[in-house]
Amino acid sequence: MKPAPFEVCHPDVLRNATEMLETGGQGAKLISGGQSLGPMMNLRLARPSQLVDVSRLAELQRVDERSGSVLFGAATTHAEIEDGKTPDPIAGMMRQVARGIAYRVVRNKGTIGGSVAHADPAADWISALTVADAKIHIAGKRSNRTMAMHDFVLGAYTTDLRTDEIIIKIEVPKYSKNVRWGYYKICRKVGEFADAIGATIVDPERRYCRVVAGAVGGKPLILAETARQLAQLAAMPAGETIHDEIAASATGLDAASRHQLATAVGRAITEAVGL
Ligand SMILES: Cc1cc2nc3c(=O)[nH]c(=O)nc-3n(C[C@H](O)[C@H](O)[C@H](O)COP(=O)(O)OP(=O)(O)OC[C@H]3O[C@@H](n4cnc5c(N)ncnc54)[C@H](O)[C@@H]3O)c2cc1C
């Protein structure tokens with residue numbers, strides 16, 4: 001199928017983009033890499049009459065390194081991260097996550113900001129940026145705001161973003177040189193969306209330990225008890241702890257999916273701390 005008729009505009013500065021969104025009203029929609037929105041338009045699941053292309057905005061392309069974090073412009077592509085053209089604040093984790101997304105043609109166009117805004121529960125950045133405690137920087141016509149990634153995603157394909165707002169940056173904390181991480185994606189074929197994701201970051205120097213189960217059909221689960229045991233005992237948490245925490249939070253999942261998730265989480269922990 002072909003998309004319903006639409007126009008595309010290419011604002012040259014951020015302020016023009018927010019104005020175009022406002023004047024376009026319900027018919028206006030942002031586009032960045034088009035790798036999620038394009039297929040939806042072709043299937044006529046989305047029928048915007050005006051696309052506001054933000055992929056060439058300088059503010060969204062820049063990557064800034066600060067003392068404690070890296071700010072990725074929302075239009076940074078998966079391929080730029082994969083190729084190491086951006087700093088990696090988690091000692092190689094971002095490169096590995098990017099490398100596992102789809103295949104190269106998709107990674108050349110698809111952006112980190114588009115992925116976060118789309119909030120597909122099986123998408124890689126949704127889980128990876130949750131385990132990293134990233135912050136989302138948002139610009140609106142009247143004000144700017146920042147939110148924790150975990151609060152930003154409300155559920156499957158649902159975020160806190162208002163229709164007149166634009167994600168401009170994704171801020172990822174810089175972890176210490178001794179950080180350990182694991183990212184384990186279960187999917188049928190390499191490059192497909194995940195059936196289950198386990199993600200772990202352990203950084204004793206920063207007193208940080210987080211364990212996440214992703215691709216759960218909604219927002220990723222932060223497994224606090226599993227992380228507490230991992231941090232305190234420096235040992236693999238009991239298998240029941242992981243299973244029980246997943247079962248308590250992901251009530252809509254069948255036993256096989258819960259088992260897959262617990263497996264992914266266990267393997268991510270093993271990758272991170274080599275237990
Ligand atoms: C065949 C295929 C396989 C894929 N496999 C995977 C996979 O394994 N893992 C994975 O994680 N992803 C996968 N993807 C999705 C891919 O990563 C997309 O690139 C990503 O989800 C969307 O990024 P985009 O820049 O293309 O966004 P677009 O398609 O341009 O936009 C997506 C949504 O985000 C909004 N948006 C875009 N930019 C902004 C912004 N700056 N601020 C606010 N809203 C914005 C748009 O309005 C739209 O609603 C796959 C895609 C394809 C086509």
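Which element gives the largest share of the shell around the ligand? I will come back to that after two remarks on the model.

This is a predicted model, in which local features need pLDDT of at least 70 and side-chain atom pairs count only at pLDDT 80 or more, while totals for chains, interfaces and linings use all residues. Residues are numbered from 1 along each chain, as its sequence is written.

Now the ligand. The shell holds 33 residues, and the closest are Gly 33, Gln 35, Gly 110, Gly 114 and Ala 117. Near here is a C-beta criterion: the C-beta atom, placed from the backbone, lies within 6 Å of the molecule. Elements that give two or more residues to this shell are β2 (28–31), α2 (37–42), α6 (104–109), α7 (112–118), α8 (124–131) and β10 (166–173). Helices (H or I, at least four residues) and strands (E, at least two) are DSSP runs, numbered from the N terminus. The largest share comes from α7, with 5 residues. By class, the shell has 17 nonpolar, 12 polar and 4 charged residues. Ala, Val, Leu, Ile, Met, Phe, Trp, Tyr, Cys and Pro count as nonpolar, Asp, Glu, Lys and Arg as charged, and the others, Gly among them, as polar.

Next, the domains. The chain is divided into domain 1 (7–52), domain 2 (59–173) and domain 3 (180–273), with bounds from an automatic or database domain assignment. The centres of domain 2 and domain 3, taken over C-alpha atoms, are separated by 20 Å. Between these two, 23 residues of domain 2 are in contact with 20 residues of domain 3, contact being C-beta atoms, placed from the backbone, within 7 Å. On the domain 2 side, α5 (93–99), α8 and β8 (153–155) each give two or more residues. The largest share of that side, 6 residues, comes from α8. That side has 15 nonpolar, 6 polar and 2 charged residues.

In α1 (residues 14–24), Ala 17, Thr 18, Met 20 and Leu 21 are buried. Buried means 20 or more other C-beta atoms within 10 Å of the residue's own, exposed 12 or fewer, and partly exposed in between, with C-beta atoms placed from the backbone. The face turned away carries the exposed residues Arg 15 and Thr 23. After α1 comes Gly 25, with a positive phi near 60°.

In α11 (residues 239–249), the buried residues are Ile 242, Glu 245 and Ile 246. Their arc is only 95°, which puts them on the same side of α11. Their cover includes β13 (208–214), β14, α10 (224–233) and α12 (255–273). Exposed Glu 240 and Ala 248 are on the face turned away from the buried side.

Last, the sheet. It is open, with 4 strands in the order β11-β12-β13-β14 and antiparallel pairing; strands pair if DSSP finds at least two bridges between them. β11 (180–186) and β14 (221–222) stand at the edges with a single partner strand each, so one side of each has no neighbour in the sheet. β11 pairs with β12 (residues 196–203) over 7 bridges, and Trp 181 stands opposite Ile 201 in β12.

Technical notes
The arc is that of the directions from the helix axis to the C-beta atoms.
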